Amino acid sequence: MSITLEELRNEWSDRSRRLDERLRLSAHLLRDDWIERQRERVWKLGPFGKFSMAVWIATMVLLNLFLGTHANQPALFVTALVLDVWVIAAGIAAVRQQHALRNLDFGLPLLELQAQVEALRIARIRSFNRAFLTGQIVWWIPFVVVVFAGAFGVNLYLSPQFRAFAAWNIAGGIAFIPLAIWFSRRYGERLSRSSIVRHIADSITGRDIAAAREYLEKLRRFGSDAD
Amino acid sequence: MNPPDGTRFLALLHEHRAILYKVAFGYCRNHEDRVDLVQEMAIQLWRSFGRYDGRVKFSTWAYRVAMNVAISHFRGEGRRIRDTLPFDELAYELAADDPLAEEAGDNMRVLRRLIDGLDELNRALVLLYLEGHTSEEIAEIVGISPGNVTTRMNRVKNELQRGFARLENSQETIP
């Protein structure tokens, strides 16, 4: 063995010294207006993207208008209320995640910050799973009912065909959950050419959460004194 | 959180800017990736500067931020975090000025190749060790005890040493 890490450390240090000497930061970059623009942009950067925020607010406004105008029709009112609660919960979950992500303190020691990032990843996967798997049951039928009542003035609850359609959809939605988990476990690997499909499959089957937990355990082991 | 003092930040960034390149060089082989990473580091330093309370040296804090960004980038969380950051030309110009671009002798190339084989946490230990930090300083940046740093560094040194020996024996050409 002709060379040791200690010897390479000296060579590395020489290289770092050369780097320090050669580095330069153009003077024109040290401008106060850059700082000002950064301040404004950081402040303006909302917890949601502008489009998502606009859609969310518009949905809330429409739903609340609907609730106001259908207060005397309990079936439609309750249906819209379910949808409203679901939209509010989904929006709050998204805002909280964005807020937590934006408030990560990158100046923390590596193990501490990485554990926080991983915990956020787990929370995000769980939110996605809840939305993806329960969405079939919780909002699909209420959405159709509210759209028909709000846009066309048609109360679908009065239609026997729709009641049968809704029953089948709810049954299908309930069946969809175990079916989606089974399908993702069975065929997730084969679908891995598409990264989106792979991510969805990994989320549904819990592989993402298992990997995140494994990484948290790795951080914990790394932090405990090595024997 | 107090509003950050921009002039002070730029002065400190100017003084410690080498940290960004060193960490980026430790985590990315590819020039384009390093450019992205240095951008993210510069912006995240600015975003986090309001929380810097002076309890640790600025260089220690800057290493923490730069390495946390690099590890998140390495683990695929980079895009999500980047989406919460505003971008500006300072970050671009900092990143474009990459003075480490592939300047290295044979030994350094071998070392780089072996470091590339380490996971992100051991890689952080080795990079800080090579930069001449003490066990106490490394412990402060990584968030483990100095004794743990020493033990883990000994293991990594042995691992790298075996890697050197393997490469020497195989007389492999280093790309």
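A salt bridge is a side-chain nitrogen of Lys or Arg within 4 Å of a carboxyl oxygen of Asp or Glu. In this predicted model, a search of the whole structure gives ten salt bridges over all chains. One of the contacts of this kind is formed by the side chains of Asp119(B) and Lys218(A), with an N to O distance of 3.1 Å. Asp119(B) belongs to the loop between α7 (106-116) and α8 (120-130) of chain B, whereas Lys218(A) belongs to helix α9 (residues 207-223) of chain A, so this pair joins two chains.

The axes of α7(B) and α8(B) come within 10 Å and cross at roughly 150 degrees. Angles over 145 degrees count as roughly antiparallel, and α7(B) and α8(B) are therefore roughly antiparallel to each other. On the side of α7(B), the contact is made by Leu111(B), Ile115(B) and Asp116(B); α8(B) supplies Arg123(B), Val126(B), Leu127(B) and Leu130(B). Sorted by class, the contact of α7(B) with α8(B) has five nonpolar and two charged residues, and no polar ones.

Helix α9 (residues 135-142) of chain B packs against helix α10 (residues 146-170) of chain B at an angle of about 105 degrees, and their axes are 8 Å apart. The helices α9(B) and α10(B) are therefore roughly perpendicular to each other. Here Ser135(B), Glu136(B), Ile138(B) and Ala139(B) of α9(B) meet Pro146(B), Val149(B) and Thr150(B) of α10(B). The contact of α9(B) with α10(B) has four nonpolar, two polar and one charged residues.

Chain A carries a nonpolar surface patch of about 700 Å². The patch is made by Trp139(A), Trp140(A), Phe143(A), Val147(A), Phe148(A), Phe152(A), Val154(A) and Phe165(A). Helix α6 (residues 140-152) of chain A gives the most to this patch, with five residues. Val147(A) is found in helix α6 of chain A.

How values were computed:
Residues numbered from 1 in each chain as written. Chains lettered and ligands numbered in written order. Predicted model: local features only at pLDDT ≥ 70, side-chain atom pairs only at ≥ 80, totals over all residues. Heavy atoms only, no water. Axes fitted to C-alpha atoms, helices over the stretch in contact; angles between N-to-C directions. Helix = DSSP H or I, 4+ residues; strand = E, 2+ residues; numbered from the N terminus. Parallel < 35°, antiparallel > 145°, perpendicular 65-115°, else oblique. Contact = heavy atoms within 4.5 Å. Nonpolar A, V, L, I, M, F, W, Y, C, P; charged D, E, K, R; others polar. Patch = residues over 30% accessible without salt bridge, like charges linked within 9 Å, V, L, I, M, F, W, Y side chains within 5 Å. Areas by Shrake-Rupley, 256 points an atom, 1.4 Å probe, with all protein chains shown as cover.
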